[in-house]
Amino acid sequence: MPILNPDHLFEQTEKLIVPPPAGPPRQVDLRRAISAAYYGLFHFCLIAAADEFVGVTQRSTSRYALVYRSVEHKGLKELCTETLKQVPVAKYRPYVPAGGFSSGIQEFSTAAIELQGKRHLADYNPIPRYKTSDAKVALNTARSAVHRFGQAEQEHRKAFLTLLICPPR
């Protein structure tokens, strides 16, 4: 199964924010850049979850695709919101690492929530006007979040990915 490489989405963002030879960047390019930055982070989550539960060597299987496609944007946002709470709601508490999620997971979560909101505005609200700097900030936020997730303790990453794939009821 060919998966969307998050780095390719980040590279697409970079290409979209290169100023044209004359005039300002087109709004459509800046909006797509902001959207691509979020989707780079989102697909990073999908890959991390499917790699964790099915395995990197199984990427061409239907089981891998099933796990990859099981994550929804709303579920990611809900989980990220819970990771930021001092005391998560009762249904999450048994699955959160002792002392709560680490700063790396919390920083990832903050970025995911922020970027998802920016993507919604960029994709669906015709009123805001964007600058190249807005897209650059989105790209830097996404890349930094992915890096921070990777630097987080393994137990915290696994707990986050488990909750992402198996949200408690």
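Guide: Axes here are lines fitted to C-alpha atoms, for helices over the stretch in contact, with angles from 0 to 180 degrees between N-to-C directions. Helices (H or I, at least four residues) are DSSP runs, numbered from the N terminus. This is a predicted model: local features need pLDDT of at least 70, side-chain atom pairs count only at pLDDT 80 or more, and totals for chains, interfaces and linings use all residues. Residues are numbered from 1 along each chain as its sequence is written, and side-chain values use heavy atoms, leaving out hydrogens and water.

Visitor: Why is H2 called roughly parallel to H6?

Guide: The axes of H2 and H6 cross at roughly 5° and come within 8 Å. Angles under 35 degrees count as roughly parallel, so H2 gets that label against H6.

Visitor: Which residues of H2 make the contact?

Guide: With contact meaning heavy atoms within 4.5 Å, H2 brings Leu 30, Ala 33, Ile 34, Ala 37, Leu 41 and Phe 44.

Visitor: What makes the buried residues of H4 line one face?

Guide: Buried means under 20% relative accessible area (1.4 Å probe, protein chains only). In H4 (residues 73-83), Leu 76, Leu 79, Cys 80, Glu 82 and Thr 83 are buried. Down the axis of H4 they fall within an arc of 160°, so they line one face. The arc is taken from the directions from the helix axis to the C-beta atoms. Their cover includes H2 (27-53), H5 (103-124) and H7 (154-165).

Visitor: And what does Phe 108 touch?

Guide: Leaving out residues up to four places away in sequence, Phe 108 touches Leu 41, Phe 44, Cys 45, Ala 145, Val 146, Phe 149 and Phe 160.

Key. Buried < 20%, exposed > 50% of the residue type's maximum accessible area, 1.4 Å probe, protein only. Helix = DSSP H or I, 4+ residues; strand = E, 2+ residues; numbered from the N terminus. Parallel < 35°, antiparallel > 145°, perpendicular 65-115°, else oblique.
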